[in-house]
Amino acid sequence: MRARFVDFFRRHSFEIAVACVLLLGTALRFYDLSGVPTELIPDEIDLYNSARSIVTTGHDIDGTIKPFLAGSFTRNPPMYAPFGYVSSLVFGKSPFGLRFPAAAFGVITIVLIYGIALELTRRRDIALIAALVQATQPIFVHFSRVAWEPASELPFLLGGLYVLLRATRRDYPLKEIALGAILLGLTSYTYMAGWFYALLLGGGLMLFSAWRSRSARAWRESLLALAIWCVVSAPALWMLLGDPLTHGKIDRVATFANGISLQSIGVFFSNYFEHFRWSYLVTTGDPQPGRTWRYLVGFGAVFWWVAVLTAIGLVVTPRYVRERAAHYWLWLWFLAYPLGGALTNEAIPNAPRTLAGAPAFSILAALGFAALLDGARALAPQRLKRAAERGLYALFIANAALSVALFASFYFTQYVHVYSNAWSSGSSALFAAIRARSAGYARLCFSVYPAWFATDVYFRFYLSGVALQQIENATDPRCYLRGTLIASDWDDPIDRPGFTELTTIKDVDGNPYAVLYGRE
């Protein structure tokens, strides 16, 4: 029995390794999905509210029906919304229900990176390492655990790039060209930066491939792919360029909003290189309270050894990606990594705006490890080659295991406590208390921390079906009447005749968050 087990393991060791990588990536994305991050934030709730409104009323919450969804300060790309809404019907209107598609999308990206790396190198071992990096890096784990727009970007982007990469290797079959272009077109509906990376990386891939092949068919199919992308993306581009609310946000954050000048060029390059700073990339994530405190907090985008292996991978790319067009394209991907942040001048460095460029690290790090492994095989004496290979693998696995363990220990126990306000900690308990007491009251006066982010977002989600008049100001004359609930910040107590304190709400740290008062 033991011999048969050992034989099975030897014959299927690679498949077992792939399964382990997928299981690890799945565990990091699904474990305590409802509790880390602490609660649903308006970015997540906005998408659900719009999707539900469209399904139940035929129009968005603002009474319109447009390619992008209504939001508090801008219109939101819609791709994640239907997935989140359908998931909520299956798993419940809860953090897990809304976030399930994000975690599933994250697992899909692991498979897609494996496929892209395999297409580029034709080596399964390199593809496996690339998948492992994609499965474990903090930036990919975190952005696969929140029900917001960036969570849907990578599956469509990487899916389109994978299909087009296969097509360039197989004489440009029409079906694959069309499918790849459609997927990249749909990327324009995932996140504000999605269209840019889809056009740059998809266009770059087709351009480099056509240039190297020098065939009329390659150029013709490249133009066809561009035409399909333009048709699919057209409504999204119209929103980005023509909708006042959406374009207004772009104008507010764009580095070159006021034209190209020496100053704006300097800002661009400064922002570009900020995304390579060691503290952001590896150690702390450089969080900014109130701005980037929901992104990389207490950890960098990647582990230190990934940054080192990526640097090696940049040098050895031509050795492992033999087609010149393909290794030029991989370099382009790496160079494009910070562009989503560099082209904006707000909250820099910015993880979600550069998320589409980050998978280049997964592939390049795998190339770097392959170079070390092949170098060890070449330099070690013949009798020690197998030992050198095993030793390097053991060192890699130990580093990876230690890094993942330290990250997971911090992320699942400490992350939500660093900036508890970033995730509106306490808001769901507050609205649960309001709903539980709503039957005896006619109105709700609301004056709590999340109010700065449009309280109607919370009201629609947490108080749908509750017959309470909702007032966003506790000083309104109606808020002195009988039949009134008042939700107030814990440090702004209500001392009003006839009102009694009903309950105090605490945040994830156990600190007072809000107080609910009532006058029957």
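User: How do the axes of helix 9 and helix 10 sit relative to each other?

Analyst: This is a predicted model. In it, the axes of helix 9 (residues 174-187) and helix 10 (residues 194-213) come within 7 Å and cross at roughly 155°. An angle over 145° counts as roughly antiparallel, so that is what helix 9 and helix 10 are to each other.

User: Which residues make that contact?

Analyst: On the helix 9 side you've got I177, L184 and T187. Helix 10 brings G194, W195, A198, G202 and M206.

User: OK, switching to cysteines. How many disulfides does a search of the whole structure find?

Analyst: The search turns up 1 disulfide. C445 is joined to C479, with an S to S distance of 2.0 Å.

User: Left-handed or right-handed?

Analyst: The torsion about the S-S bond of C445 and C479 is about -100°, so that disulfide is left-handed.

User: And what does it tie together?

Analyst: C445 is in strand 1 (residues 443-447), while C479 is in the loop between strand 2 (469-471) and strand 3 (484-489), so the bond ties together parts that are 34 residues apart in sequence.

User: Are C445 and C479 buried or exposed?

Analyst: Both C445 and C479 are buried.

User: What about C20 and C230, how accessible are they?

Analyst: C20 has a relative accessible area of 46%, which makes C20 partly exposed. C230 also counts as partly exposed, at 35% relative accessibility.

User: Now aromatics. How many pairs are there?

Analyst: The count comes to 49 aromatic pairs. One of them is F83 with F105, an edge-to-face pair with 5.1 Å centre to centre and 75° between the planes.

User: Where do F83 and F105 lie?

Analyst: F83 is in helix 4 (residues 80-91) and F105 is in helix 5 (residues 95-121), so this pair links parts that are 22 residues apart in sequence.

User: What's the geometry for F334 and F361?

Analyst: F334 and F361 form a tilted pair, at 5.5 Å centre to centre with 55° between the planes. F334 belongs to helix 16 (residues 324-336) and F361 to helix 19 (residues 359-379), so the pair ties together parts that are 27 residues apart in sequence. F334 is buried, and so is F361.

User: Which residues do ring pairs link into a cluster?

Analyst: There's a cluster made up of Y31, F299, F303, W305, F369, Y393, F396, F407, F410, Y411, F412 and Y415.

User: One more: where's G465?

Analyst: G465 is in the loop between helix 23 (455-462) and strand 2.

User: Buried or exposed?

Analyst: G465 is exposed, with a relative accessible area of 85%.

User: And how far apart are G465 and F208, in sequence and in space?

Analyst: G465 and F208 are 257 residues apart in sequence. In space, they're 56 Å apart, C-alpha to C-alpha.

Technical notes
Residues numbered from 1 in each chain as written. Predicted model: local features only at pLDDT ≥ 70, side-chain atom pairs only at ≥ 80, totals over all residues. Heavy atoms only, no water. Disulfide = S-S within 2.5 Å. Helix = DSSP H or I, 4+ residues; strand = E, 2+ residues; numbered from the N terminus. Buried < 20%, exposed > 50% of the residue type's maximum accessible area, 1.4 Å probe, protein only. Phe/Tyr/Trp six-rings, centres within 6.5 Å; stacked < 30°, edge-to-face > 60°. Axes fitted to C-alpha atoms, helices over the stretch in contact; angles between N-to-C directions. Parallel < 35°, antiparallel > 145°, perpendicular 65-115°, else oblique. Contact = heavy atoms within 4.5 Å.
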